[in-house]
Amino acid sequence: MKNFLVKTIANAGALAVAVWLLDKITLTGDSTGKKVWTLILVALVFGLVNFLVKPIVKVLTFPLFILTLGLFTLIVNALMLLLTSWVADKLDLSFHVEGFWTAVLGGLIISIVSWALHIVLPDED
């Protein structure tokens, strides 16, 4: 359970950095508390998408991973971010990613920040 909480906090932090750095990734809310709550819910959706959908996509596109020496990971991460944006819209969460190339850059930012936060935050499960 602690591992799940740490990963959710890391995802929320990484998403917050992406929202802060990129104008086309938006998170709206009336107050800071509402934005934080929305960010945590979006981080849960993002974690769920990465847990359920990403492995299937990776298996189906395995030849592309080999052909591009792993660079196709950027495309898969962008697709997961776009899917998270779509699911957030369906759940009436105020998180939106506008465009594929914004999602590619956002996915790269989220991957780097998430990696750094996982190094800093404890992971003892």
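In this predicted model, the buried residues of helix α1 are covered by elements that include β1 (25-27), α2, α5 (72-90), β2 (95-97) and α6.

**Helix α1**

- The buried residues of α1 are Asn-3, Val-6, Thr-8, Ala-10, Asn-11, Ala-12, Ala-14, Leu-15, Ala-18 and Val-19.
- An α-helix has 3.6 residues a turn, so residues three or four places apart point the same way.
- The end C-alpha atoms of α1 lie 29 Å apart, which agrees with the 28 Å that its 20 residues should span at 1.5 Å a residue.

**The largest pocket**

- The volume of the largest pocket is about 350 Å³.
- Its lining comprises 13 residues, of which Lys-7, Asn-11, Gly-47, Leu-48 and Phe-51 are the closest to the pocket centre.
- Two or more lining residues come from each of α1 (2-21), α2 (32-52) and α6.
- The most is given by α2, which supplies six residues to the lining.
- By class, the lining of the largest pocket consists of five nonpolar residues, seven polar residues and one charged residue.
- Asn-11 is among the residues closest to the centre of the largest pocket, and Asn-11 is also one of the buried residues of α1.

**Thr-102 in helix α6**

- Thr-102 belongs to helix α6, which covers residues 100-120.
- Thr-102 counts as buried because its relative accessibility is 13%, and the cut-off for burial is under 20%.
- Leaving aside residues up to four places away in sequence, Thr-102 is in contact with Leu-22, Lys-24, Ile-25 and Val-97.

Terms used. Residues numbered from 1 in each chain as written. Predicted model: local features only at pLDDT ≥ 70, side-chain atom pairs only at ≥ 80, totals over all residues. Heavy atoms only, no water. Helix = DSSP H or I, 4+ residues; strand = E, 2+ residues; numbered from the N terminus. Buried < 20%, exposed > 50% of the residue type's maximum accessible area, 1.4 Å probe, protein only. Contact = heavy atoms within 4.5 Å. 1 Å grid on protein atoms, 1.4 Å probe; cavity = no way out; pocket = protein on both sides within 12 Å on 5 of 7 lines; lining within 4 Å. Points joined across faces, edges and corners; volume = space filled by probe spheres on them. Nonpolar A, V, L, I, M, F, W, Y, C, P; charged D, E, K, R; others polar. Expected span 1.5 Å × (residues − 1).
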